[in-house]
Structures are given as C-alpha cells and as structure tokens.
Amino acid sequence: MTPDQSTALVTEGAVIEIEYGGWRSRAACRHADPDLFFPEGTTGPALAQLDEAKRICRACPVRRQCLTWAIDHDISSGVWGGATTEQRWAIRRAAGLPEERRSAS
Ligand code: SF4
C-alpha cells in the first residue's frame, strides 16, 4: 500500500476510513495486527491485546496526532493514541468537550 492510498477498516460494525499519508505513514502500528487495537470483549485475551496495543502506542512517534485525531473525529472504538474509548471519553469530559455523538459498541 502506498502512502496516499486509503482503505476502510471495518471493526465492530463500524467502518472507519483510514487515509494513509501524513502522520499515519509514521505510525508504529502500520504493520501491526489490527485486532490488537480492536479486541473483542473486555476480558481474557482482549486484555492482553489491549496491553500489546498500548505498548506499541507508547513507542509511536505520532501518538499525540493519533489521539487528537481520534478525539476530534469522535471515534468510538479501538485504541488510538494509546487510549481506549473510555479513556478518550474521559479526556473529552476533562477538556469540556461535548459528549460523544455515537455510543460505543
Ligand atoms: S498512537 Fe498507537 S494507534 Fe496511533 S498511530 Fe501510533 S501506534 Fe497506531
């Protein structure tokens, strides 16, 4: 895939358009298993997947851009910028931003 291509990531019934290029071309997760960032469930293997996703995010050079993008675009699933959906909600609340437009699945 070239940096200017885009694709749609289908997860938990949501379709998230991902454009490659800009900060995304430097993402530490660009070759990682997407399932790590969108685990099914909140227990057992899903917790190990979340931990691994967050470990990758901690070393990511574009973590801040990723987190900001996810908050700005109201992304309601997955790990972005090292934060889960619930953590992004907490950031939104702390920043005085409006509640999510969509509910988490
Ligand atoms: S912060 Fe995490 S989810 Fe975002 S681009 Fe980097 S590795 Fe991927």
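This is a predicted model: local features need pLDDT of at least 70, side-chain atom pairs count only at pLDDT 80 or more; totals for chains, interfaces and linings use all residues.
Let me start with V62, which counts as partly exposed, because 19 other C-beta atoms lie within 10 Å of its own, and a residue needs 20 or more to be called buried. V62 sits in the loop between α2 and α3, and, if we leave aside its neighbours within four places in sequence, V62 is in contact with W23, R26 and A27. One distance shows how the chain comes back on itself here: V62 and A28 are 34 residues apart in sequence, yet their C-alpha atoms are 8.0 Å apart in space.

The protein chain has 4 helices and 2 strands, and, read from the N terminus on, the elements run β-β-α-α-α-α. Of the 105 residues in the protein chain, 14% are buried. If we take the contacts between residues at least 6 apart in sequence, 47% of them join residues that are at least 24 apart.

How confident is the predictor in all this, in terms of average pLDDT? The protein chain averages a pLDDT of 81, and 74% of the residues score at least 70. Among the elements, α2 has the highest mean pLDDT, at 97, whereas strand β1, residues 6-11, has the lowest, at 44. Over residues 1-15 the pLDDT is below 50, although this stretch does have 29 contacts in the model beyond near neighbours in sequence.

Which residues of α3 are buried? They are C66, L67 and A70, and, seen down the axis of α3, these buried residues fall within an arc of 95 degrees, so they line one face of the helix. As a general point, an α-helix has 3.6 residues a turn, so residues three or four places apart point the same way. The face of α3 turned away from the buried side carries the exposed residues R64 and D72, and R64 counts as exposed because it has 12 C-beta neighbours inside 10 Å.

One member, A53, touches L36, F37 and V79, not counting residues up to four places away in sequence. In soluble globular proteins generally, nonpolar side chains tend to be buried together.

Let me turn to the ligand. Which residues are closest to the ligand? Its shell has 14 residues, and the closest are A27, C29, C57, C60 and C66. By class, the shell has 11 nonpolar, 2 polar and 1 charged residues.

Finally, I would like to follow the chain out of α3, into the loop between α3 and α4. D74 is found in this loop, and D74 has a positive phi of about 60 degrees although it is not a glycine. D74 counts as partly exposed, with 14 C-beta neighbours inside 10 Å. Further along, G82 lies in the loop between α3 and α4 as well, and it too is partly exposed, with 18 C-beta neighbours inside 10 Å. Leaving aside neighbours within four places in sequence, G82 is in contact with K54, C57, R58, R63 and L67. The C-alpha atoms of G82 and I56 are separated by 8.1 Å, while the two residues are 26 apart along the chain.

How values were computed:
Residues are numbered from 1 along each chain as its sequence is written. A residue is near a molecule or strand if its C-beta atom, placed from the backbone, lies within 6 Å of it. Ala, Val, Leu, Ile, Met, Phe, Trp, Tyr, Cys and Pro count as nonpolar, Asp, Glu, Lys and Arg as charged, and the others, Gly among them, as polar. The arc is that of the directions from the helix axis to the C-beta atoms. Two residues are in contact if their C-beta atoms, placed from the backbone, lie within 7 Å. pLDDT is the predictor's confidence in each residue, from 0 to 100.
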